Amino acid sequence: MDRIISVIITSFNHQDYIEQCIKSVFEQTYRSIELIIIDDGSTDETTQRISRILENDPFENTQFIIQKENRGVCYTRNEGLEIAKGDYFLFLDSDDFLDPLFIEKLLTKAEHEKADIVYCDLKNIDTNEIFMKAKTFDLISFLQGNYIINTSLIRRQAVGDSRYDIKLNREFLEDYDFMMNLILMKNAKAVYAENVSLNYRVLNNSISRKDNHTSREYFYKIYAYILKKYINNFPDEIFTALNANSLILEGRIQDLIEHLSDVTKYTEELKNENLENKEQIFQLKSNAETLQHINNILTQEKNEILQSKSYRIGNLVVKPISIINRVIHNPRLLKKGGYRLKNKIVRWYKKIPSPKRGLLKLVRDFQRSRYNTSNQKRFLIYVIYENQESVQKYKLLFLDAIAELCEEVLIVVNGNLSDSDRVILSNYGKVSVRKNVGYDTAAFRYGIMSLGKQYLKQFDELLLINDTNIGPIGDLATSFEKMQEKNLDFWGISYGEEQSDITGLNPYKYIPLHLQTFFLVIRKTLLNYSGFYDYWEALNDTNSRNKAIGFHETVFTKHFNDLGFRHGALAANNQDSAMYIHPLTMLKEGVPLIKYSALNNYNDEKFLWQGLQRHSEVPDLLDYLEQQTSYPIEEIEKIMSDIKNKEKSQYILIIDGVENIIPQCTRYRVVNKAEQLRLNGFNVKTVNMSQFRLSDAENASLIIIYRYGYCDLLAELCLLAKQFNKTVLYDIDDLVIDTKYTDQLPYTQQLSEQKKQNYDAGVKNYGRMLRLCDGAITSTSKLQKELSNYQDLVLLNRNLASQELVEISNRVISSKVIGSNKVKLGYFSGSITHNEDFNLIKNDVARLLKKHSNVELHLVGHLTIPDELSRFHEQIIFHDYVDWNELPSLISQVDINLAPLTNSIFNEAKSEIKWLEAALVKVPTVASNLGTFKKMINNGVTGVLVDDNDWYDCLERLVLSADLRQEIANNAYNFVLNECVTSKEDSLVEYLRAIKK
């Protein structure tokens, strides 16, 4: 086992124990250790003692980090996770210590069981008795009570982006939450190592025993927080565990019930409103099961836990707190419901008024009373986005009216501005032209920062208005007079509704009620507040629509409301996105303007592409404007013409279901495909599935969905596409569309029954989505053949090299140094499943290394070195993963690219990317005579195809002949440049040309 183990010791004021802790790591029988010590702001002699101990450090890769301030264990452990480079890691508290065989035993267990987490017992140092006895892992028992200690051996790859929850810092149960996250959300496999124990020190001043942390109410409060994080994804499992113990804490169950009622549409009222004498009735719609008269059970169970040892070591053993009935048939369908649950909890918490806010409101009220409310001196920042030959007249009409109310005007133009337009706009005030970046938010920021507080504080009001307003329809001054009567610090035209965070960026984790930022008026109390300028100074990245919305538009109102500032809106009606859906209604209710985007909804069909069933007010609005207002109707007609002309510009829409989680997939199947289609004359737009809205597809001529399972949104898209004669193609580059294929994978055969059911549910969703579309696109001939069993139309669109990859590869070739007598074999493993492929050639590679001392084996990625190769460690070189744009340089360092594949239907369907990328840097590939390699490689000309028994002879022939290697490499390079780049036309391009005609 040549595995690196990262031991992460976190210490704080443990001068009496730290030496024993560190020395126990020094004395481990397993020696491949990376030691990381993080001192969390100790105020005793801990850091000095660590420094002295490390003078005799036997390890090469030791790091000692000293924090100036005590931040808490969640921060230090997260820092350790960022630093650790080992294959496995374990945390070690500085008051505990290890037996010499501890790591060796846990690692042996991990490798033998292919485990991601290996845990053991706790042994009381003082009594030498088992303090906590663990058990063989079972999910239900784990949810009933924790028995996985924090000093467990954990495979680093299994952790991914998971980290300790900072909200649990200086609380407790943080380890339980971290392990639960890995097991539930990352599918980590946990295994119990019997007859192994951690030497555990029971201290009265531990975090779990201070600050009322052992109080019953506090204990269950923390557990309730953890439970809410996972119950939406695993309701069945959690219910089973909780039902076995039937423990409820008064005051906490009510909160759970309220939030669970929103988890899913399958669940109705879980709590009978007529609860009496603590009789709880939980009712599930699907089976109408009820549990009654549980008060006696609750009392008994609570008494038992209060007397138990597990309660006294609450940071290690957790008992459930509620009876939660089954709420759904398929737990994997709860993703959206869980998201709503999360936001429900966050909203409830965020809405609780803080004492600080109440005090600040009093301060703001006092400040406001000192300012003059008549004869307001106003400054206007008006933002224009300009991408046309001249500024549209409707913008000037609005600017005419609003500028009349202002002392000074700054016009900020995002985009280009003609000289003639600059002259026109200069009549209103100063004009600044900037690049069109950051949306109107960045333009407002530019204006505010360039003017500064000292200049702006001379004004009574600052107006932040963009060019999406059409009007005025009526008198703007009347609106200002109406709002002047209100005791406000800032106001706008309308509010945006509270909802889930569609951006994924909002710091409140939901979108609170907020003033829409197309028209904001900032009054003197806020204008004179330094924090107003600090807010804008910090707002330095709004370079996408989601960022502008998530970082500013949906944040501004609540941010300053929480600081005690009062706000309001001119419009009384803020439901159902009234400014956009009901423009005529809003006009009649006194709003003096129309939103430009409201005119996009000029018929009922437009709402269908927003997932809505609404009646368009725009036809009646046009009649109203013409007959009952003085606004020039010809300007509205021009706007309508512009809107409809833009719709004529159609495009191919590619929806990315992978979203760069597997970078190679997104690059080849989305980014490179888009490049190929553009080079062949098509207009293309791409969107991540997480950000996809039906409106993205409204003007698409054809839609490609890449590798995303069935969901209601995509099902609705397919129905709309059929209604409007749009073709939808499903792009899939793997056989994960039917369990008859995936059941053949060794990986799925090792899954537990529960995990297999979940995995199969995902596979079936891929297949269901495939069948729902009009046809399919795929990357290899074998896939094309198999997919034809599910779709009549299957287009072959091979993975192609982008122009950027070709350019990078050419630069690498030009700088390549030739002349070493070393012959380097390269194996670039994509995933741990490639171990099986490499085992196909391990004996032949071992023979080569033994016979030819100048041969090296270069390995990249997930690979367990077989025992047959371990004795050649001096000839084996490991490389870290690199980004795709650095991969050509790494590949170019080898002389022969190895591409073995075992014979399976999945491998037959794999693409030729390994050969393609090596060919681009003129490295020859030796590949299994199988699948796409067999299809694409001309044996002996553009590569070498090998049967399973011929690897040694073929490899040795290339090892001994540099000329042969160069000849094959040059041939492959020329072939790829002609046939495998994004400028190539293929069956997909031909199909698109045909339907375009």
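Me: Which residues of helix H43 are buried?
Reply: The model is predicted. Helix H43 spans residues 951–960 and is mostly covered, with 7 of its 10 residues buried. Those buried residues are Trp951, Tyr952, Cys954, Leu955, Glu956, Leu958 and Val959.

Me: At what angle do helix H37 and H43 pack?
Reply: Helix H37 covers residues 842–851, and its axis and that of H43 are 9 Å apart. The crossing of H37 and H43 is right-handed. Angles under 35 degrees would count as roughly parallel and those of 65 to 115 as roughly perpendicular. H37 and H43 are therefore oblique to each other, and they pack at an angle of about 40 degrees.

Me: What is the bridge partner of glycine 826 in E29?
Reply: Strand E26 (residues 823–828) and strand E29 (residues 896–899) pair in the parallel sense over 2 bridges. In E29, leucine 825 has isoleucine 896 as its bridge partner. For glycine 826, the bridge partner in E29 is asparagine 897.

Me: Are the residues Ile896, Asn897, Leu898 and Ala899 of E29 buried or exposed?
Reply: In a regular strand the side chains alternate between the two faces of the sheet. In E29, Ile896 and Leu898 point one way, while Asn897 and Ala899 point the other way. On both sides, these residues are buried.

Me: What is the bridge partner of alanine 899 in E30?
Reply: E29 and E30 run parallel and are joined by 3 bridges. Alanine 899 is one of the residues of E29 that are buried. Its bridge partner in E30 is alanine 927.

Me: How many bridges join strand E20 to strand E22?
Reply: Another open sheet has 6 strands in the order E21-E20-E22-E23-E24-E25, with parallel pairing. Its edge strands are E21 (684–688) and E25 (794–796). In E22, tyrosine 651 has alanine 700 as its bridge partner. Strand E20 (residues 651–656) and strand E22 (residues 700–706) run parallel, and the number of bridges joining them is 6.

Me: At what angle does helix H30 run to E22?
Reply: Helix H30 consists of residues 712–723. It lies across E20, E22 and strand E23 (727–731). Its angle to E22 is about 150 degrees.

Me: What is the relative accessible area of lysine 395?
Reply: Lysine 395 is found in helix H15 (residues 393–403). Leaving aside neighbours within four places in sequence, lysine 395 is in contact with Tyr382, Ile384, Tyr385, Glu386 and Asp467. Buried means under 20% relative accessible area. Lysine 395 is therefore buried, at a relative accessible area of 3%.

Technical notes: Residues numbered from 1 in each chain as written. Predicted model: local features only at pLDDT ≥ 70, side-chain atom pairs only at ≥ 80, totals over all residues. Heavy atoms only, no water. Pairing = 2+ DSSP bridges. Helix = DSSP H or I, 4+ residues; strand = E, 2+ residues; numbered from the N terminus. Buried < 20%, exposed > 50% of the residue type's maximum accessible area, 1.4 Å probe, protein only. Axes fitted to C-alpha atoms, helices over the stretch in contact; angles between N-to-C directions. Parallel < 35°, antiparallel > 145°, perpendicular 65-115°, else oblique. Left-handed = near helix turned anticlockwise from the far one by under 90°. Contact = heavy atoms within 4.5 Å.
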